[in-house]
Amino acid sequence: MALEMNLYLPLILSALMPIILLYFISLIHKNNNNGSYFGKKKKKKILPPGEMGLPWIGETLEFYRAQKKNRIFEEFIQPRTAKHGAIFKTRLMGSPTVLVSGAAANRFFLSNEFKLVVSSWPSSSVQLMGRNSIMEKQGDRHRSIRAVIATSLNSAGLEKLVPKLCSSVEDHLKTHWVGKDTLSLYRSTKLLTFSVVFECLLGIKVEDGMLEMFERVLEGVFAPPVEFPGSKFWRAKRARTQIEKMLVEIVRKRKNEMELEQNIKGGGGGGGEEDGMLLSRLIASLIRGEISEEEVVDNVVLLVFAAHDTTSFAIAMVCRALAHHPNCYQHLLQEHVEIMGSKKPGETLTLDDTQKMKYTWQVTRESMRLFPPIFGSFRKAIVDIDYQGFTIPKGWKILWTTYGTHLDEDIFKDPLSFDPSRFEEPVPPYVYVPFGGGPRMCAGYQLARLNILVFMHFMVTRFDWSLVHPDEPITMDPLPFPCYGMPINISPKTS
């Protein structure tokens, strides 16, 4: 028996050797993947707490239900923050997503654009806004196109813009308000802000049907990117094609005019920018070969969407706040009466006059704190990110929101109350973020500010008004808006 064992043992061992070897190789491989190899350990990656929900769907349905009611903070973010903390993971629209809250998080993720994260939009948004807009551009390309836009909104550009804004607002009120008893404030301001972007900023005359075309595109921006006849995205794509065709014709015609003017003057590239219009500046860059025709068209489309819907909602929320707080309204009205009293007959507002509208801007900022036109935005991690003791893996989405600071009682005492005096003193950076922050801070911020201030001046000094539905609900689809269009009763001021 012992002899038999001695004979078979080498055979058994030789048969087992490959299995034993494979076992040790697998152990080494496993340890290496876990950051450990022959006793050397890497720091273990810990994902943020949270629940991923069902495959692909995740918690998307809960998110959309809260968004529809304009209660993302109350019904989605707040319960999960209470359970998991200021950073938690979930799954939205098929993507693993980390939600972050607080000024430190805003600073970290918004200031590290292009380094740790990049802007991330749904496929439908990218197709409809344009792959060549600054929404999709990164790094130096983003900075160079943004610089062209910023030139039209520098101090000199704003000086030229204010009289145009005044003329546009006065014409709008004369055409759409005078002689009316009731109107939809939200619809009216959408029409106004659309005209302001096209005529005052871009220098393009608004034609019948243009607003409706752009609104059809907006309906598909967050819709599933499925092109079957009759779907939101299908209608939006058709409208986008019409808009592109229209804008290409405008751009080429203006480009020919500027090149002809340049040849007559005998100057170098870029002539025709003297009118200060953004479209002229973009086309001058096109003539110099700095940007493409597609970049001109796509950035015009993006600017129209970014400027007019958000500004009209902001104006509506300012008026809602003033209607609910008569003392604030009287204070604001007195500010504009004094400015009006300082002007000679027929003299228009200036940029200096808008700087005197300090209380109006405080009211505006407070209303946007409570009702931000954009609740936040998505970023995508381009590397593994270590933050607050957790790892956010490369490729995951990050969602920051305005609510994380705007409704934080440690930052804003009694955060759900309306108190414009909060903004008498500067607030810390990355605390108040209705326009975002970092390299992707809203490029049209100054246009929106002037649009709101100038409109409020003419509205409160020329009309008495009241809300038809004082407690009108606010919904979102995909941007926030008053459910009934905020109808108001109006009458001309008698004194």
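Helices (H or I, at least four residues) and strands (E, at least two) are DSSP runs, numbered from the N terminus. The model is predicted, so that local features need pLDDT of at least 70 and side-chain atom pairs count only at pLDDT 80 or more, while totals for chains, interfaces and linings use all residues. Residues are numbered from 1 along each chain as its sequence is written, and side-chain values use heavy atoms, with hydrogens and water left out.

The loop between α16 and α17 holds Tyr 430, whose phi is positive, at about 65 degrees, although Tyr 430 is not a glycine. Asp 414 is found in the loop between α16 (403-406) and α17 (445-462), and its phi is near 50 degrees, again positive in a residue other than glycine.

The helix α17 lies across β11 and β14 and runs at about 95 degrees to β11; such angles run from 0 to 180 degrees between N-to-C directions, with axes fitted as lines to C-alpha atoms, for helices over the stretch in contact. Contact means heavy atoms within 4.5 Å.

Both strands belong to an open sheet of three strands in the order β6-β14-β11, with antiparallel pairing. Because β6 (182-184) and β11 (463-467) stand at the edges with a single partner strand each, one side of each is left without a neighbour in the sheet. From one strand to the next, the twist averages 35 degrees. Two strands pair if DSSP finds at least two bridges between them; β6 and β14 (residues 487-492) pair over three bridges. Within this sheet, Leu 183 stands opposite Ile 488 in β14.
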